[in-house]
Amino acid sequence: MPENIQHAFLETPLGWLQISGTEEGITAVTFLDENPTVSFAEIPACLQNCYHQLSEYFKGERRKFELLLVPTGTDFQQKVWQHLNAIPFGKTRSYLEVALQLGEPTYTRAVGSANGKNPLAIVVPCHRVIGANGSLTGYAGGLWRKKWLLQFEGITKQTELFS
């Protein structure tokens, strides 16, 4: 775990995001279920780029993040998160498709587990991973946020999205 982690908070249409990181890179972007209770008048320099890119995303001005990311996870989780980063804005992949990209179709549940442990919400787009039948399945930030993000990105073909 990196030392000297700094935090910033961004209010979004989905509630507050906490951005965490160091001079080495961004370690986490997480949804908060309540308003932050700490003072956040100044955004630490090491988090400003991430803060601004997330702001641009929510304004519809950014489709890809260009950030130095240093999430903590197992080697397998890191591989899954790298594959998630390759899913383009406005597109989805199934857990099976990600498992196949990793070279092992039996890894579907392991991919789902790694997806659920992604510490970089939105930036590493785990919300773009759906069930093989097009259904919305688990999202650490809540399925309502996943649905909102997919709709925001223009994804409208999933059968479960509007039900």
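**Around I122**

Modeller: Not counting residues up to four places away in sequence, I122 touches L17, F31, L54, Y57, F58, F65, H127, Y139 and L149, where contact means heavy atoms within 4.5 Å. This is a predicted model, in which local features need pLDDT of at least 70, side-chain atom pairs count only at pLDDT 80 or more, and totals for chains, interfaces and linings use all residues. Residues are numbered from 1 along each chain as its sequence is written, and side-chain values use heavy atoms, with hydrogens and water left out.

I122 belongs to the largest nonpolar core, which has 37 residues; L17, I19, V29, L54, L84 and I122 touch the most other members. Such a core is a set of buried Ala, Val, Leu, Ile, Met, Phe, Trp, Tyr and Cys residues joined through side-chain atoms within 4.5 Å, and buried means under 20% relative accessible area (1.4 Å probe, protein chains only). Among the elements giving two or more residues to this core are strand 1 (6-12), strand 2 (15-22) and helix 4, while helix 1 gives the most, with 7 residues. Helices here are DSSP runs (H or I, at least four residues), as are strands (E, at least two), numbered from the N terminus.

Now to C126, which sits in the loop between helix 4 (108-116) and strand 5 (129-130). C126 is buried, with a relative accessible area of 6%. Leaving aside neighbours within four places in sequence, C126 is in contact with L84, N115, N118 and Y139. Y139 is also on the list of residues that I122 touches.

Definitions and conventions. Buried means under 20% relative accessible area, exposed over 50%, partly exposed in between (1.4 Å probe, protein chains only).
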